[in-house]
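Me: I have a chain here and want to go through its fold. Please take it by questions.

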Amino acid sequence: MRVSETNSRLLYQTMKACGIQVVSALPESWLVPVIRMIGEDREMRLIRVAKEEEGVGISAGAHFAGKKSAMVIPNHGFLAAVNPIVSLAHLYKVPLMMFIAYRGTFGDTYPWHTPGGTVTEPLLQALRVPYTFLDSPGSLERRVRDAQELAAASLLPVALLLKHELMMEA
């Protein structure tokens, strides 16, 4: 199976339509097309990070500078970023938008992703990070806008879990 170029473009266009100007990202196979599209857009700023937790600081800086931002990361990267999510985003009220490739769940054939897939939702719940699934092109824009509104209203992190059904070609 291949990553859906069509749905990756829709995700990129939705992020742009929502006014996201700064995006930090660490490549992962599902995320490569959308990261490429963001990088090619002169109106968006793509910052490639070496470690996902750097994205939390980038989003905090963007927020305090009045810019809308997002992180585009794999779920193992979310796991690595727990400390700055708690000690920076929660503590300093940063409306952190996290687009997380939800690997290791139904449809994913790579066993090395399974451990991360089994703990992503319980960890989001433990951190009290609201989340929703991005699993269908038809609901994508509404769910991203709803998440962005919640993050802005609560000044807290939110997670959008990019599911296999959205990211991979049928």
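This is a predicted model: local features need pLDDT of at least 70, side-chain atom pairs count only at pLDDT 80 or more; totals for chains, interfaces and linings use all residues.

Residues are numbered from 1 along each chain as its sequence is written, and side-chain values use heavy atoms, with hydrogens and water left out.

Me: Is serine 8 buried or exposed?

Reply: Serine 8 lies in helix H1 (helices are DSSP runs of H or I, at least four residues; strands are runs of E, at least two; both are numbered from the N terminus). Buried means under 20% relative accessible area, exposed over 50%, partly exposed in between, with a 1.4 Å probe and protein chains only. Because its relative accessibility is 0%, serine 8 counts as buried.

Me: Which residue's backbone oxygen lies 2.8 Å from a polar atom of the side chain of serine 8?

Reply: Leaving aside neighbours within four places in sequence, serine 8 is in contact (heavy atoms within 4.5 Å) with Val3, Pro33, Val34, Met37 and Met167. The backbone oxygen at 2.8 Å belongs to serine 4.

Me: Which residue in S2 is the bridge partner of serine 24?

Reply: S1 and strand S2 (residues 45-48) run parallel, joined by four bridges. Strands pair if DSSP finds at least two bridges between them. The partner of serine 24 is isoleucine 47.

How values were computed:
A polar contact is a pair of N or O atoms within 3.5 Å; within protein, one must be able to donate a hydrogen and the other to accept it, and residues adjacent in sequence count only if both atoms are side-chain atoms.
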